[in-house]
Structures are given as C-alpha cells and as structure tokens.
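Visitor: I am new to this structure. Please show me how to read a few of its features.

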Amino acid sequence: MGSEYIPPVRLAILEADTPVPGIRAKFGTYGGVFRYLFERACASLNPPQPLSSQLAISHHDVVNDLSSYPDTNTIDAVLITGSKHSAYENDEWIVRLVEYTRQCIEGGRVRVIGVCFGHQIVGRAMGAEVGKNVLGWELSVTEHELTDAGKKLFGLEKLAIHQMHRDIVYNLPPGAVELARTSPCPIQAIYVPRVVITVQGHPEFTGEMVQEILEMRRYGGILTEEVYEDGMRRVNNKHDGVVVARAFLRFLHE
C-alpha cells in the first residue's frame, strides 16, 4: 500500500499593504513575495518538495476590499503580512483585521501566522499592548537571541532575519511561548502550538528588497541619514528567512 495522501494546507495570505515599485514589478503583491519564500523553503526540504504539495495559496487585499476575507470554512490557515500602517490604529480595515484574526484564534481550527505588522495584529487580537517603540527603528539583518523553545522550534542557536519596524508588541500575550528577543524589542515572536506563530522580522525579505525600501524611506524623510546608513551596512548580511519559513510549514502540520 502507498502512503496516505495529505492534501496541501489551504493558506490565505491577508495582504496588508502594497509593495514598493521594484518588488511589485517582480512579484506583484505581497502574496507573491511570500509564495517565493515558501517555494524556496519547500525546495530546501529533505527531500525537496514542490510548493503545490505543501500549500494551496490564495491572496486577499484586506486594505482596499473589506469583502475579500475568505470564509474560514474554506481555509486551514491565514498569514498576515507586513505593512507601513500601525496595528494600534483604529482605521476600519485594521479593526476588521483584528476581529477576523481573533475569530480565527478563538475558533481553534484556522491557524494564524503573523509577520511584522501581522505579528502586531496578532498581539492586539490576543490582548497584548501594541505601540511605537521609544528606542526607534530596527532595520536590516538583525541577530536575535533565542529561548530554549526558540532554539528547538527554529533548529538554530541564534536567528538572523531582516527587520523593518518601529512599532512593537510590548508584552507576551497570555498563554503564548516566548521564542526570540532583541535588546530594542523583547517580544520578537508569539507562539501557541497548533494555534498561532508570529515573527516581528521579515523572513520574506531579501537584501535587494530591503535596500529599495530603505532608499525610499530615506528619500521620503522617514529615515534619518544615520539610521539609513546603519541599515545599509547590514542589508546583505546572511539571514535565516528560509529557516523561519520551514518553521512555519512545520507549524502548519503540527
């Protein structure tokens, strides 16, 4: 007898922003960026697997179309992307996203992945405080200290991934496991087995992507010259984005 067929996880990517022009030209939406990340993660499995065997991905623009949310009966998981917006604001689409996320978490069947802004949305949905970091920006490839649980989950002693944020989750939500921290941002991840996993950083970003964002934010006056140069110094450092994506895949199959 052959092995039992396991259908791909139906993953709905909730797009919370539009990419900058260079990323948009290459990948379309942030759904396309995450598809590229998961393709690389699947290719790095032993043995390598096609993306289609692991995930059935759909994209949903939750900023501009409040009716775009998938019926939770038709999906197995959601991934909330990053965004230039702040998760603590009360714009209609942000409040709706928090409510939908809370419904997924409390329902117990649809698993939730959050990245950067998505990490903060999950924190807010779970009752944590979210706000601006008085210590300022975290940018480019940044080393994270891992807890014992984090080392086990990611399979690393230390984790390095891209960052692009100055908003943070201030406290670990009730019942969540601490995985990673940095000095400017102690809550770098939220994890509840078989329910939710988040990271404050950007496993989906490459050096080329982050360089374009840094340059645009410098030009727009969002980043000072000093902060921009600090980010550019580390923009092409080795990072563990694919390792994080493999951890996401394992989480989806827990």
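Guide: Start with a charge over a ring: Arg111 lies over the face of Phe251, 5.9 Å from the ring centre. The term applies if NZ of Lys or CZ of Arg is within 6 Å of the ring centre and within 35 degrees of the ring normal. This is a predicted model, where local features need pLDDT of at least 70, side-chain atom pairs count only at pLDDT 80 or more, and totals for chains, interfaces and linings use all residues. Residues are numbered from 1 along each chain as its sequence is written, and side-chain values use heavy atoms, with hydrogens and water left out.

Visitor: Which residue lies over the face of Tyr36?

Guide: Arg40 does, at 4.2 Å from the ring centre.

Visitor: How many aromatic pairs does the structure hold?

Guide: A pair of aromatic rings is described by the distance of the centres and the angle of the planes. Rings of Phe, Tyr and Trp (its six-membered ring) pair if their centres lie within 6.5 Å; planes under 30 degrees apart count as stacked, over 60 as edge-to-face and the rest as tilted. The structure holds three such pairs. One of them joins Phe27 and Tyr36, tilted, with 5.2 Å centre to centre and 40° between the planes.

Visitor: Is Phe27 buried or exposed?

Guide: Phe27 is buried, at 18% relative accessible area, while Tyr36 is partly exposed at 31%. Buried means under 20%, exposed over 50%, partly exposed in between (1.4 Å probe, protein chains only).

Visitor: What about Tyr69 and Tyr100?

Guide: Their ring centres are 4.6 Å apart and the planes stand at 40°, so this pair is tilted too. Both Tyr69 and Tyr100 are buried.
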